[in-house]
Amino acid sequence: MLRPRIALAQRARRAGLAPAALGSALALAAALAAGCGGQADPNHWRFALEEVRGSVQHAYATRFAERIEAATDGAVRMTVYPYGALGTSAQLTELVETGAVELAFASPGHLGSVVPEVQVFSLHFVLSDEEAVNHAVLSEESRVHEILRAAYREHGLELLAPIQEGWMAWTANRALRAPADFQGLKIRTMASPLLIDVYEAYGANPTPMPYSEVYSGLQLGMIDAQVNPVFAIEEMSFYEVQSHLVLPKHLPFITTLITSPAFLERLSPERRETFHRVERAMRDEIFRIQSELNRDRLRTIRTESDTRILELDDAERAAFRRASLPVRERFRSRTGERGSALLDALLARVEEVEAARAEAGSASR
Ligand code: 6CS
């Protein structure tokens with residue numbers, strides 16, 4: 001809970017949300033096309049975000065735009081659209097598919113309804129509890145990327161990179177230290193089917209709801225709890241209307257950067273090379289930025305509110321891990337051979353990187 005409470009209108013302004021604009025993605029696509037006389041300018045690239053100004057996605061997009069503009073000596077101009085300017089996450093994905101925007105973020109919690117395989121990033125305790133291991137696994141090109149890229153292409157999308165945005169935290173009006181604490185809890189999740197399975201495995205009553213409605217949903221008691229990375233809990237002010245913030249280190253929030261194959265094909269070989277060079281360089285940069293942002297935002301919550309911040313210990317985490325394991329089988333049955341191969345490749349790579357780091361650590365002692 002916040003001291004003193006920030007008014008709802010102020011919170012909406014802070015978040016940069018214009019709820020009336022949500023739901024107008026297709027109309028906006030038409031308006032964007034009409035604005036340039038129906039002729040898209042190939043040197044004007046649009047980048048649509050699922051998050052507001054000040055977020056990890058916004059930090060990524062503004063830096064990416066600066067780098068692209070610099071690398072092309074200003075020949076390419078970019079416009080960044082924060083959440084609220086275009087549409088919901090599902091609509092942003094449609095805008096990429098139709099070529100109305102060139103780049104967007106698509107989080108597994110939403111995209112999983114279209115590309116089931118990406119729900120591998122919604123499974124709990126699959127990734128490491130060390131952020132640096134997860135960064136290595138997600139940022140290097142591997143079998144994981146290869147399998148996911150094939151799945152995205154079947155839906156007219158090109159996966160550029162999965163990006164972690166920081167540890168997910170649960171917020172609620174009670175401590176959540178064991179699966180039993182989730183019994184009957186109405187926790188807001190994103191909409192993909194596996195997320196429902198994940199929280200049902202703890203005994204909760206998962207309730208999908210758009211991101212822009214979570215604050216009022218908590219305030220009005222339509223939902224009891226929600227799950228998001230720390231920076232988002234601060235900037236969307238969810239902690240104002242919840243007494244506890246729990247850090248289980250079960251999963252970092254992962255998003256995926258997407259474009260369309262048609263856009264990449266239209267670029268000259270030189271421009272395409274520049275595009276990929278900038279995107280690769282951003283992988284390390286955004287990892288550093290999200291880490292600082294999450295640390296700073298946690299400090300803000302700690303100092304500006306009386307929210308109780310709980311870090312689960314190893315025994316508590318182990319109980320959640322055990323309860324979450326059957327959902328891996330559900331993932332396999334929902335995604336078939338390709339999904340199974342993906343989950344196996346991810347588990348194997350996490351184990352290899354953890355082992356290599358442990359070995360390097362013991363060799364340097
Ligand atoms: O909870 C959500 O719906 C959103 N959360 C974040 C941190 N990013 C995008 C996503 O839509």
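Which side chain has an N or O atom 2.9 Å from a nitrogen atom of the ligand? In this predicted model, the side chain is that of Asn228. Taken alone, the ligand exposes 300 Å², and the protein buries 99% of that.

**The ligand site**

The space that the ligand takes up is the largest cavity. The residues around the ligand are Glu50, Glu51, Ser89, Ser107, His110, Arg188, Met190, Tyr211, Asn228, Pro229, Ala232 and Phe253.

| Residue | Ligand atom | Distance |
|---|---|---|
| His110, polar side-chain atom | oxygen | 3.0 Å |
| Arg188, polar side-chain atom | oxygen | 2.7 Å |
| Asn228, side-chain N or O atom | nitrogen | 2.9 Å |

**Helix 8**

Helix 8 spans residues 193–200, and six of its eight residues are buried, so the helix is largely enclosed by the rest of the structure. The buried residues are Leu194, Leu195, Ile196, Asp197, Val198 and Tyr199. The helices are helix 5 (108–111) and helix 13 (314–363). The strands are strand 4 (158–172), strand 5 (187–189), strand 6 (207–208) and strand 7 (225–229).

**Arg297**

Arg297 belongs to helix 12, which runs over residues 269–304. Is this arginine buried or exposed? Arg297 has a relative accessible area of 14% and is therefore buried, as the cut-off for a buried residue is under 20%. Leaving aside neighbours within four places in sequence, Arg297 is in contact with Gly54, Val230, Phe231, Glu234 and Glu235. One of these, Glu234, lies 63 residues from Arg297 along the chain, yet the C-alpha atoms of Arg297 and Glu234 are separated by 6.1 Å.

**Two residues with positive phi**

Phe125 is not a glycine, but has a positive phi of about 60°. Phe125 is found in the loop between helix 5 and helix 6 (131–139). With a relative accessibility of 10%, Phe125 counts as buried.

Lys249, also not a glycine, has a positive phi of about 50°. Its place is in the loop that joins strand 8 (244–247) and strand 9 (252–259). Lys249 has a relative accessibility of 37% and counts as partly exposed, because that value falls between the 20% and 50% cut-offs.

Technical notes:
Residues are numbered from 1 along each chain as its sequence is written. This is a predicted model: local features need pLDDT of at least 70, side-chain atom pairs count only at pLDDT 80 or more; totals for chains, interfaces and linings use all residues. Side-chain values use heavy atoms; hydrogens and water are left out. Helices (H or I, at least four residues) and strands (E, at least two) are DSSP runs, numbered from the N terminus. Buried means under 20% relative accessible area, exposed over 50%, partly exposed in between (1.4 Å probe, protein chains only). Contact means heavy atoms within 4.5 Å. A residue is near a molecule or strand if one of its heavy atoms lies within 4 Å of it. A polar contact is a pair of N or O atoms within 3.5 Å; within protein, one must be able to donate a hydrogen and the other to accept it, and residues adjacent in sequence count only if both atoms are side-chain atoms. Accessible areas come from the Shrake-Rupley method with a 1.4 Å probe; for residues, only the protein chains shown count as cover. On a 1 Å grid over the protein atoms alone, a cavity is a set of points where a 1.4 Å probe fits but cannot get out, and a pocket is an open set with protein on both sides within 12 Å along at least five of seven lines; lining residues have an atom within 4 Å of a point. A molecule sits in a cavity or pocket if more than half of its atoms lie within 2 Å of its grid points.
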